[in-house]
Amino acid sequence: MRVFLYPSMKSLARLVTFAAVFAAAVSISAKTLTVGFAQTGAESAWRTANTDSLRNEAEKRGINLKFVDGQGKQENQIRAVRSFIAQKVDAILIAPIVETGWEPVLREAKRAKIPVILMDRTVKVSDDSLFTCFVGSDFAEEGRMAADWLAKHSNGKGRILELQGTPGSAPANERRRAFAEAIAKYPELKIVDSQSGDFRRSGGKEVMEAFLKKHGRNFEILYAHNDDMALGAVQAIEEAGLKPGKDITIVSIDAIKEAIQAVIDGKINCTVECNPLFGPKVYDLVAKIVAGEKVPRVQYNKDELFDSTNAAAAIGSRQY
Ligand code: AHR
């Protein structure tokens, strides 16, 4: 006698449920992530390296990246964020050009339930739940590292000119504040003038020309909030017939390849790293957030300092 074994209705239902859950899981993991990125602009070599890192890593991971260059204007970045919200992207990345003025648009993103990841620069908001997390460098620590190096190599003495970054931006605010606090321990180390070069090479050159006219040789040190401005200043100093790195001690931030070369050439004395290559870190965070995992609220990149003792060893492997 032949016996036919029919699955019971219950086990059949179980099988169907399993298949549906499996299919849903596969479709979630295979779903292409769409991420909107409101970048500040293209003011420096650092920024270009940062944009490339985010773009290349998105391509590698098959992420659909909607990139907007804010061209140095907060209103462009805000407009970009609003368009990302309208397009219902999975996550929004912002490198906020300045620290204030973000609350309304961040509230709109929160209402639309779209996570916002601040990268590179932070914002000042009264409600911390308006963004999910921050990833970037510790700008205050960079300012402190620059000041400590200077204090040590100047024997705590000297008149300093400061080239500030974009007014109102987190790196300009923090690098200025932390540097000033750290040198306050040395009464003979003083900032005698401070102007913004907007993180641009042309800005650094113009401000340095004006500084040289105004102060003549009545200063010994230049503290630049980024390498592009320092390199612009190097040009102005050379055009004035002086030797950068010798007549004037130059301390800067970013550690782009060109600045490390300038350290090797003796034209810049020290540059503190601000690593822009954090595309992989950012998308790891995005993937976790979209999957509903908890992520650290703040993640700082680890930054080093380069001077004549280690610049030559570092230049070969420098990626930006
Ligand atoms: O926010 C990071 C700063 O912005 C970098 O130091 C500078 O080069 C850039 O433009």
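Before the strands, one term: two strands count as paired if DSSP finds at least two bridges between them. Keep in mind that this is a predicted model.

Start with β1, residues 34–39. Strand β1 is joined to β2 by 6 bridges, and the two run parallel. Which residue in β2 is the bridge partner of F37? That partner is F67.

In general, strands of a sheet pair through backbone hydrogen bonds, either parallel or antiparallel. Here the pairing is parallel, in an open sheet of 6 strands with the order β2-β1-β3-β4-β5-β11. The edge strands, which pair on one side only, are β2 (64–69) and β11 (298–300). On average, neighbouring strands of the sheet are turned by 15° against each other, ignoring direction.

Helix α10, residues 279–290, packs on this sheet. The helix α10 touches β1, β2, β3, β4, β5 and β11, and its direction makes about 165° with that of β5.

Now for the empty space. Rolling a probe the size of a water molecule over the atoms shows where such space is left. How many cavities of 30 Å³ or more does a search of the whole structure find? The search finds 1, and about 90 Å³ of space lies in the largest cavity. There are 13 lining residues, and the closest to the cavity's centre are W46, R47, R121, R175 and D254. By type, the lining divides into 5 nonpolar, 2 polar and 6 charged residues. Helices α2 (45–61) and α6 (170–183) each supply at least two residues of that lining.

How values were computed. Residues numbered from 1 in each chain as written. Predicted model: local features only at pLDDT ≥ 70, side-chain atom pairs only at ≥ 80, totals over all residues. Heavy atoms only, no water. 1 Å grid on protein atoms, 1.4 Å probe; cavity = no way out; pocket = protein on both sides within 12 Å on 5 of 7 lines; lining within 4 Å. Points joined across faces, edges and corners; volume = space filled by probe spheres on them. Helix = DSSP H or I, 4+ residues; strand = E, 2+ residues; numbered from the N terminus. Nonpolar A, V, L, I, M, F, W, Y, C, P; charged D, E, K, R; others polar. Axes fitted to C-alpha atoms, helices over the stretch in contact; angles between N-to-C directions. Contact = heavy atoms within 4.5 Å.
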